Structure formats: C-alpha cells, structure tokens
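Okay, thanks for coming, everyone. I'd like to walk you through one model today, so let me put it up on the screen.

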Amino acid sequence: MNQVKIKDFAEGDMLEGFYAVKDASLQTTASGKSYIRITLSDSTGSISGNMWDASRELFATFAIGSIIKTRFAVESYRGRLQVKLDKLRVAAAEEIDYSQFIPVTKFDIGALWDEFYSYIAAISDADYRRLLEYIFADSELCERFRRAPAAKGNHHAFIGGLLEHTVSLLRYAAAFVIASPQKLDQDLLLAGTMLHDIGKVEELSVGVIIDYTDKGKLLGHLIIGSMLVEKAAGRLTGFPEEKKCLLQHMILSHHGKFEYGSPVLPAVPEAFALHHLDNLDAKTVAACRILSEDESGNSWTERSWMLDTMLYKQGCGSYPESVVEREESAVADRNAAVTEKETAPVKEPPREESGSLF
C-alpha cells in the first residue's frame, strides 16, 4: 500500500488512500444540511476533518474501526492541519494491510520483556514472587501483555505500550527505593508496579484502532486487575490475606484520587510512590508526544486536557527526535544505575494449576 502517512501531510496536499476511522459522527449545519465529522488514523498519528453534504445513507456504510478508501484535501484551520473529504468508501478485505494502522513501540519487545521478567528475580519476598511467577506463567496473558497498549490515546497508545510503560515504572521504582531516605517495602512496590495496569489487557482491544472493550467500559482496568490478583491468590495454597489485600490496594489506589477513577485512596507509602511514578511517566511521555506532533508555527501548543496546560515549544520548533534516540541508547546504562545487584532473566516456571486467569 503506497500512500502518504498522516505525519507527512502538508497543507495543500490532494491525496487518496486507505485510513482507519478513529471517530465519526453525523452532524447538521446551521442551514440543516448533513455532514460527517471524522477522524482518520494510521500508524503515524491521526487527523480530523469533515465531509460536507454527506448523506445519512453514506454515514451508515462504515463504522468506527472501519478502514476506508478516501480522497481528500489537506487544509489548515487555526494553525492545525485538517482534511476535507471528497469521496469515501469502505475498503475491501484484499485491499487492507493491517500493519499500516497501529503504531508499535520503538523498543525491542523481546528485550523489554526480558527486563520486565527479571524484576521477579529481584523480589525477595517468597509470597509476592510466587504470585508473580504464577500469573506470568500464563502464556496467553503474557502474549497479550506484551502486545497491549497502555492507553487509547493519551500515552503509550501503541502496541507494546503497556510493557514499555511498566518497565519504565519498574526502573523508576527501583531507583526511588535506593534514593529515598525512607524505608520502603521494595518487594511490595515492585510487585504492585508489575501488576498495576495488568487489567488493561482486558480493558483495551487492538484492531485497526485502539478501543475499549465492553468489559473495560463496564469495569475498568483497576477492578479487572484486582479481580485477577484475587483469583490468582486464591489458587495458591496458604497465600497470606494481608499481602493479597496490599497488592489489590496498590492496583485500586494508583490513580490517586476518586475523581481519577480510584475507588480507594493510597494508604501505604508504597501506594503513594506508585501513584506519583505512574503519573510522572504518563504525563512526561504525553508531553513529549504532544510536542513532537505539533506542526504549527506557534511558540505554544494548544491546551491539553490531560495535562491541563499549554506546552512551550523550545526554540519554537518541533520537539527533537533525539529525545527518543537518546532514550534508546541509554537503556543499558540506566538499567545498571537503578539496580543494586545484577539480575538475570528467569524462565517461566510451571503453573501450580492449569488454565488461563481470564
């Protein structure tokens, strides 16, 4: 499929190609005419626009998550690019190359997984380690965890995003325990970090777009993750009730506030640490993404609802690609700096009982 990627769109382009429908709605102008408000996406980003004088019948031919072939013009409105669609139709199955539509982490998923799994060996508490070994001996769950995004759009919204985000938090958590003058339970913090977003493997689905599942909308990943720990701990003979509740608390409180979706507030120091480290990673990654995607000539980005602020563009240019390149080259050095001892990847142990946790 030879077509222009969304990141390469420029004002004045007249283009034709296949794109995923990330969002769409049928609207009505002040004069009573129908038009389609639509957001297109591919593996490099998304862009919104309109198809004027569009009928209800045409709107009914596709849905969110469809791949359409469309002809359009790229325009600029209030300093941002948008598209004006001329024609569209649903793509035939033989025309679709699904790899073009969902971005993938810039890091090696296998290396990230080895690093993630090595943290189990760093946990000295036998109960926490036994529970983690049991949960991550589920090959189906592990494959979904490696592939899952961490969000629909705000941060780490790509294949491997959940794994990348969790590994980043594990590095931060290990470094924080070393640097903090307070005595923290490293095993609880690391175990809670590994499990804090595990419910997202059930909350989010990955097709040609990232979207919420019915279960995700009904329960949310905090409840799903807590239920997983409850189920896994129940299968392990003699697993301590208090430790199970502490791990569930780490999951349920990590959003930090009731209005952010946590049913309980952090009540142990390790839960406060996880909440703030999670917030740090999510918001700095989101800020870097917003800066890198802003192509306006303005010194400031538009206000981000997630960050609740505008961002200053250093030098009035786009955010440097070297940020990603520097991160990739520094992984080995950072790993050595945040661990007190050498840890090696461990093999997945046999499960005490067969069957998936989901």
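**A walk through the model**

Let's start in a loop: Asp 53 sits between β3 and α1 (56-59). When I say helix or strand, I mean DSSP runs numbered from the N terminus, H or I of at least four residues for helices and E of at least two for strands. Asp 53 is not a glycine, yet its phi is positive, about 55°. Is Asp 53 buried or exposed? It's exposed, with a relative accessible area of 60%. For the cut-offs, buried is under 20% relative accessible area, exposed is over 50%, and partly exposed is in between, using a 1.4 Å probe and protein chains only.

There's another residue of this kind: Asp 308, also with a positive phi, near 60°. Asp 308 is in the loop between α11 and α12 (322-337), and Asp 308 is exposed too, at 52% relative accessible area.

Before I go on, some bookkeeping. This is a predicted model, so local features need pLDDT of at least 70 and side-chain atom pairs count only at pLDDT 80 or more, while totals for chains, interfaces and linings use all residues. Residues are numbered from 1 along each chain as its sequence is written, and side-chain values use heavy atoms, with hydrogens and water left out.

Now the overall picture. The protein chain has twelve helices and seven strands. Of its 358 residues, 46% count as buried. If you take the contacts (heavy atoms within 4.5 Å) with a separation of 6 or more, 62% are between residues 24 or more positions apart.

**The barrel**

Next, the strands. Five of them close into a barrel, in the order β1-β2-β3-β5-β4, with mixed pairing. Direction ignored, neighbouring strands of this sheet are turned by 50° against each other on average. Two strands count as paired if DSSP finds at least two bridges between them.

Going around: β1 (residues 14-28) and β4 (residues 67-77) run antiparallel and are joined by seven bridges. Glu 16 stands opposite Arg 71 of β4 there. Strand β2 (residues 34-42) pairs with β3 (residues 45-51), again antiparallel and over seven bridges, and Leu 40 has Ile 47 in β3 as its bridge partner.

Then β4 and β5 (residues 80-90), antiparallel, with ten bridges between them. These two form a hairpin with two residues between the strands, and Arg 78 in the turn has a positive phi of about 55°.

Phe 72 is in β4, and its bridge partner in β5 is Leu 85. Phe 72 counts as buried, at 1% relative accessibility. Leaving out residues up to four places away in sequence, Phe 72 touches several residues, including Phe 9, Leu 15, Tyr 19 and Val 83. If you like distances, Phe 72 and Leu 88 are 16 residues apart in sequence and 8.9 Å apart in space, C-alpha to C-alpha.

Over in β5 we have Gln 82. What is the relative accessible area of Gln 82? It's 16%, so Gln 82 is buried. With the sequence neighbours up to four places away left out, its contacts include Arg 37, Ile 47, Ser 48 and Tyr 77.

**The helices and the cores**

On to the helices. Helix α3 (residues 126-135) packs against α9 (residues 221-234) at an angle of about 105°, with the axes 10 Å apart. Axes here are lines fitted to C-alpha atoms, for helices over the stretch in contact, and angles run from 0 to 180 degrees between N-to-C directions. That makes α3 and α9 roughly perpendicular, the class for 65 to 115 degrees. On the α3 side, Leu 131, Tyr 134 and Ile 135 make the contact, and on the α9 side it's Leu 228, Val 229, Ala 232 and Ala 233.

Finally, the cores. A nonpolar core is a set of buried Ala, Val, Leu, Ile, Met, Phe, Trp, Tyr and Cys residues joined through side-chain atoms within 4.5 Å. The largest has 49 residues, and among those with the most contacts inside it are Leu 131 and Ile 135, along with Phe 116 and Phe 145. Helix α5 (161-179) is one of the elements giving two or more residues to this core, and α5 gives the most, eight residues. Apart from that core lies another, of 19 residues, among them Leu 15, Val 21, Leu 40 and Met 51.

How values were computed: Angles under 35 degrees count as roughly parallel, over 145 as roughly antiparallel, 65 to 115 as roughly perpendicular and the rest as oblique.
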